[in-house]
Structures are given as C-alpha cells and as structure tokens.
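The chain is shown first.

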Amino acid sequence: MLSLPRGTPPRWDDHPLVLECRHKEAGCLAGLGRTREALAHLQALLPDFERVYGPTGEQTLDLRHEICRLLAVTGRPDLAWPLAAALLIDIRNTYGDDHPETRSVQDLLDKLDQLKN
C-alpha cells in the first residue's frame, strides 16, 4: 500500500508503471516512423524520470541516451552532441570506463563528430 503523508494526494503520473507506459508509447511512435513525435514524448518524459529515478538513475541515463540517438536520427547532431557529452560524463561516473553503456555513448559521440564534420 502506498504510504503518503496525511492530506497529500498521490501522484499517479509519477508511478513507475505510468512512466513505463509513456516510454513505450514513444517507442511505438518511433517504430511507426514518427521519430519527431517520439522525440518530443521522450523529452517531455525526461523531467519525470529525473524526479522519480534521479538524474543518474539507470532508467534516466537510458532515456537520455535514447534522446541523443533520436536527435541524431532526426538530423540534429548539433543538439545531440552536447547532450551525449554530458551523458558520457554521468555514465562514466556511474558505471566506469569499461561498462558497455560507456562504450556505447562514446561510439555515439564519435558518430556525431563525423556527422558534424
């Protein structure tokens, strides 16, 4: 049972299952080729993930990575690069240099560098 201070209404929009459904909705949009809509959904979801899971929680880091990839796919490597660079710092601090996710974000940054040049 959810325990809240007396008089505090529950925030069901912050429930992990609701967040998961919203995330899956964005994935469906991307799968249908509606990547700009998917990107907008993920960007709107990010503050909620940060509030619920923390700014460097696994789910938040994964979402940030997904946003970077979609920005690159939608032709915005200029926007993706600074986000991916900040993400790499957070992932290194969270997982270390040898983690597969660290290498994945580094690879994304390398590809973004190629797109910028």
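The text below takes up the fold, then the helix pairs, then the core.

**Overall fold**

The model is predicted. Its protein chain has five helices and zero strands, in the order α-α-α-α-α along the sequence. Of the 117 residues, 32% are buried. Among contacts with a separation of 6 or more, 47% join residues 24 or more positions apart.

**Helix pairs**

Two packed helices are described by the angle between their axes and the distance between the axes.

| Pair | Angle | Axis distance | Crossing |
|---|---|---|---|
| α2 and α3 | about 160° | 9 Å | left-handed |
| α3 and α4 | about 155° | 9 Å | left-handed |
| α4 and α5 | roughly 160° | within 9 Å | left-handed |

Helix α2 covers residues 35-53 and helix α3 residues 58-73, and they pack at an angle of about 160°. That angle makes α2 roughly antiparallel to α3, since angles over 145 degrees count as such. On the α2 side the contact includes Leu 39, Leu 42, Leu 45, Leu 46 and Phe 49, and on the α3 side it includes Leu 63, Ile 67, Leu 70 and Leu 71. By class, the contact of α2 with α3 has eleven nonpolar, four polar and three charged residues.

Helices α3 and α4 pack at about 155°, and are therefore roughly antiparallel to each other. Among the α3 residues that meet α4 are Leu 61, His 65, Ile 67, Cys 68 and Leu 71; the α4 side includes Leu 79, Leu 83, Ala 84, Leu 87 and Ile 91. The contact of α3 with α4 divides into 14 nonpolar, two polar and three charged residues.

**Nonpolar core**

The largest nonpolar core has 26 residues. Two or more residues come from each of α1 (16-31), α2, α3, α4 (77-95) and α5 (100-116). Helix α3 gives the largest share, seven residues.

Which residues have the most contacts inside this core? They are Leu 42, Leu 63, Ile 67, Ala 84, Leu 87 and Leu 112. Leaving aside its neighbours within four places in sequence, Leu 63 is in contact with His 23, Leu 42, Leu 45, Leu 46 and Phe 49.

**Leu 29**

Not counting residues up to four places away in sequence, Leu 29 touches Arg 34, Thr 35, Glu 37, Ala 38 and His 41. The C-alpha atoms of Leu 29 and Leu 39 are separated by 9.0 Å, and the two residues are ten apart along the chain.

Key
Residues are numbered from 1 along each chain as its sequence is written. This is a predicted model: local features need pLDDT of at least 70, side-chain atom pairs count only at pLDDT 80 or more; totals for chains, interfaces and linings use all residues. Side-chain values use heavy atoms; hydrogens and water are left out. Axes are lines fitted to C-alpha atoms, for helices over the stretch in contact, and angles run from 0 to 180 degrees between N-to-C directions. Helices (H or I, at least four residues) and strands (E, at least two) are DSSP runs, numbered from the N terminus. Angles under 35 degrees count as roughly parallel, over 145 as roughly antiparallel, 65 to 115 as roughly perpendicular and the rest as oblique. A crossing is left-handed if the near helix is turned anticlockwise from the far one by less than a right angle, and right-handed if clockwise. Contact means heavy atoms within 4.5 Å. Ala, Val, Leu, Ile, Met, Phe, Trp, Tyr, Cys and Pro count as nonpolar, Asp, Glu, Lys and Arg as charged, and the others, Gly among them, as polar. A nonpolar core is a set of buried Ala, Val, Leu, Ile, Met, Phe, Trp, Tyr and Cys residues joined through side-chain atoms within 4.5 Å. Buried means under 20% relative accessible area, exposed over 50%, partly exposed in between (1.4 Å probe, protein chains only).
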